[in-house]
Amino acid sequence: MLTCKDFLNELSDFLDESIDVELRNKLEKHMADCPNCWVIADTTRKTVQIYKGMDPVPVPRDVEARLMAALEKKMAAGK
């Protein structure tokens, strides 16, 4: 039996339709029995559809610099 954590670990591949039929059936069964996971999958699917229809927007240089600095700091702390 799949847990919600198992479902979330497979969500990306489920939405990309890159999983085997047996796992897809298990995930769909879980969604039928778990309204929370159904909402997560439905909302994520709709969000992806919205963003796929948008034109890319460049990230401002200052935002990119702050993001990269935060990532470097996080990676250094993990060593």
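## His 30 in helix H2

His 30 is buried, with a relative accessible area of 11% (buried means under 20% relative accessible area, exposed over 50%, and partly exposed in between, for a 1.4 Å probe and protein chains only). This residue lies in helix H2; helices are DSSP runs of H or I with at least four residues, numbered from the N terminus. Leaving aside neighbours within four places in sequence, His 30 is in contact (heavy atoms within 4.5 Å) with Leu 2, Thr 3, Cys 4, Phe 7 and Cys 37.

The model is predicted: local features need pLDDT of at least 70, side-chain atom pairs count only at pLDDT 80 or more, and totals for chains, interfaces and linings use all residues. Residues are numbered from 1 along each chain as its sequence is written, and side-chain values use heavy atoms, with hydrogens and water left out.

## Packing of H2 and H3

Two packed helices are described by the angle between their axes and the distance between the axes. For helix H2 (residues 21-33) and helix H3 (residues 35-52), the angle is about 115° and the axes are 5 Å apart. Axes are lines fitted to C-alpha atoms, for helices over the stretch in contact, and angles run from 0 to 180 degrees between N-to-C directions.

From H2, His 30, Met 31 and Asp 33 meet Pro 35, Cys 37, Trp 38 and Ala 41 of H3.

## Cysteines

The count of disulfides, pairs of cysteine sulfur atoms within 2.5 Å, comes to zero. For Cys 4, the nearest cysteine sulfur is that of Cys 37, 3.6 Å away; Cys 4 is partly exposed, at 35% relative accessible area. For Cys 34, the nearest is that of Cys 4, 3.7 Å away, and Cys 34 counts as buried at 11% relative accessibility.

How values were computed:
Helices (H or I, at least four residues) and strands (E, at least two) are DSSP runs, numbered from the N terminus.
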